[in-house]
Each structure stands twice: as structure tokens, then as C-alpha cells.
Amino acid sequence: MPVPTCRTVPLDRYLTPPDYPDWQSAAADAVRDPVELCRLLELPTSLAAVAQRAGDGFPLLVPRTYLSRIRVGDANDPLLLQILPREGELAISPRFTRDPIGEADSILPGGALWKYQNRVLMVTTGVCAVHCRFCFRRHFPYEEAVREARRWQNALERIAREASIHEVILSGGDPLSMSDQVLARLVERLDAIRHLRRLRVHTRQPVLIPQRVTRELVHLLRASRLTAIVVLHINHLAEIDRAVDSAIGQLVDAGIPILQQGVLLRGINDRLETLAELYERLVDLRVMPYYLHQLDRVAGAAHFEVPEEEGMRLIEQLRARLPGYAVPRLVREVAGAPNKVVLA
Ligand SMILES: *Cc1c(COP(=O)(O)O)cnc(C)c1O
Ligand code: SF4
């Protein structure tokens, strides 16, 4: 028998997330201090100093359940890059603005966005379990839109008067950062609007804190008269650990269709291999890839942009490689367009 050579292959190391009694505790225990983040992940403290400055106004926020999927010591980890404020956020780029997709004009009283026929997007809360650095809602006037005494009342009244609206999309922030009780009350009121047929939930929460998929949540989505559809925001295969896998399984087993959307991000998921393995894994989990978004040009996110032509080429290559149903549509939000514009 040959003696194995003593080559030291460094093993990937990951943190173990604490055991939380419930998802609210996981959310409350999120890491907010860049110094702590760098200490935990064994990263140079110089990164923390930059993060402190770059995160001004939209600070670092990451739950430990997500942190545990980031490789210790790897400053280029694709999950780390999504949550760590970097120098690029301070860069001023004239094409990147605070309201890149002209949403300010479509806000109804009560914080609903009515841009497209047949469906309306309800901004339920400004809260998320994480602060994604590329988020196009980072400058959204949540305070004005959401903190109204009768915040939903106005939106619900408006929706009730508009018979052409068949679908309400709960968005945010993240609607699943609200408690099951609050959600249940909202769903009940939507249920009562007779012309509504579907309820869509746009969320990233099951990826951040998989415990958020409670039995109550599954039940409240299934018990509604409205057909519930969940659209999950996932950008990288490494975001799916066993707990996420099982949270997804609970929703799908209950008969709730899950679609996936992601953002094409430079240095994170802009390679064919990376996208192919993500989409293949998703369909294995019975999640259907729906949209791959070209980055919205929001101030502070220019360093994440991948050129449109490159996105289109990636989609062509994916089409040649995967079953048709495993390839999402590459879309871009264009102010004033009647729908999201499909690029490929
Ligand atoms: C993306 C979006 C929708 C949903 O569009 P679909 O193409 O149906 O997924 C609805 N309203 C707003 C404001 C949106 O940004
Ligand atoms: S979860 Fe969604 S809304 Fe929240 S910060 Fe990330 S991209 Fe923005």
C-alpha cells in the first residue's frame, strides 16, 4: 500500500449557528457589528473599518443562521459579498440613483405599488432579516409608505375598489418578517375581497432563517381561499443548507408552488457553472426558476453590475445545458414599461 503523502489540504471551515427556540430569537440575535463579523469569520479588521463607513444609512445586518454558510477566512465568499458593506458602496456613479425604477410615482396610499395590470404589490413592512448590499429598496421611503396609522387600511380599500386586480403580492422588506398572527389578519382581509384570486409572497426569509417556515405559516397560506404562491429570493447554491432544504420541502409538500428569483451579481453568481448548479439544485427541490434580475441601478450598488450582454449570453448557455424549465427569464425593470422587460 502506498503511504499517503502528507500534503496539508486546508479544510473548509464554517461556524455553527446557535440553536434558537424560534425564528424571532434568530432574527433578534443577528450580527450588526462589522468588527464582530470579521472576528467570527477571521477576516482582516481593515474590512470592518470599511464596512463601518460604507454601511452608513443601511448598516450591516446578517443572521447567524446565514453566517454559518460563509466560509471562514474567505474574503471572497459569494455569501459574504452579498452582506458585507464594501468600498464600492461609497462610489458615486451618475447612472445609479436612489429611485432607479421610478417607483416613487406608483406608490398608492398605504404603501402599495401598482405598476402592472392585474396585480398589485403591497409593501407590508420595511423590515428584513438581512441587509443585502445590492438591494434596490435600500432608499425606499418606507417610513412614509408604511408608518401610517391606517397603513394597510388605505391599500386594502383601494384594492377592494379595483376589480381588475386579481393578485396581491406581499413584498417589503420581507413580509415573512411579520409574525404569523399579523400575517393571518392581513390574509383574512385580502380573502374577503371577492375579486382577488391569488396571493403571492415575495420573500428571502426561508433562506435566511429557515425556522421561519412554521406550521402556522404553512397552514395560513393553505387555508386561504386565495391560491398562495411563494417566490423565494436565492442567488447562490451555497445559500441552500439542510435547514433551507427542509423549509422548502415543507412548503412544497403542503402544495404551495415555489418560484425562485435571483439577482445577477458580479463576482457572486456571474459564471455559467455557478448558475447551472444553482438551478439544477432548485428543480431537484421542486422550486421553479422564475426570474434572474439584471441589477437595478440603485446608488451604491454599481460594483455589483454585470453587463446586460453578459447576462444574455449566460442565459443562452444555460438553455443549451439544462432542461427548459430550469432556466429563468433574464429581466430588467424599466420605468414606465407595462411589465418587467424580458431580455432573454
Ligand atoms: C415585479 C413586480 C410585480 C410582479 O411582476 P410579475 O412579472 O407578475 O412577477 C408586480 N408589481 C411590481 C411593482 C413589481 O415590481
Ligand atoms: S431580503 Fe430582499 S428586500 Fe430585504 S434587503 Fe435583501 S433584497 Fe432587499
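The legends below describe close-up views of a predicted model. Local features are given at pLDDT of at least 70 and side-chain atom pairs only at pLDDT 80 or more, while totals for chains, interfaces and linings use all residues. Residues are numbered from 1 along each chain as its sequence is written, ligands are numbered from 1 in the order in which they are written, and side-chain values use heavy atoms, with hydrogens and water left out.

**View 1. The aromatic pair of Phe134 and Phe304.** Rings of Phe, Tyr and Trp (its six-membered ring) pair if their centres lie within 6.5 Å, and planes under 30 degrees apart count as stacked, over 60 as edge-to-face and the rest as tilted; by this rule there are two aromatic pairs. Phe134 and Phe304 form an edge-to-face pair, with 5.8 Å from centre to centre and 80° between the planes. Because Phe134 lies in the loop between strand S3 (119-123) and helix H6 (142-146), and Phe304 in the loop between strand S8 (288-293) and helix H13 (308-321), the pair ties together parts that are 170 residues apart in sequence. Helices (H or I, at least four residues) and strands (E, at least two) are DSSP runs, numbered from the N terminus. Both Phe134 and Phe304 are buried, where buried means under 20% relative accessible area, exposed over 50% and partly exposed in between (1.4 Å probe, protein chains only).

**View 2. The stacked rings of Tyr290 and Tyr291.** The ring centres of Tyr290 and Tyr291 are 3.9 Å apart and their planes are at 20°, so this pair counts as stacked. Tyr290 is buried at 16% relative accessibility, and Tyr291 is buried at 11%.

**View 3. The surroundings of ligand 2.** Ligand 2 is surrounded by Cys128, Val130, Cys132, Cys135, Gly173, Arg204 and His233, a residue being near a molecule if one of its heavy atoms lies within 4 Å of it. Gly173, one of these residues, is joined to Gly172 by a cis peptide bond with omega of about 15°, and Gly173 lies in the loop between strand S4 (167-171) and H8.

**View 4. Positive phi at Asn118 and Arg286.** Most residues other than glycine have a negative phi. Asn118, in the loop between strand S2 (112-113) and S3, has a positive phi near 80° and is partly exposed, with a relative accessible area of 26%. Arg286, in the loop between helix H12 (272-284) and S8, has a positive phi near 70° and is partly exposed, with a relative accessible area of 41%.
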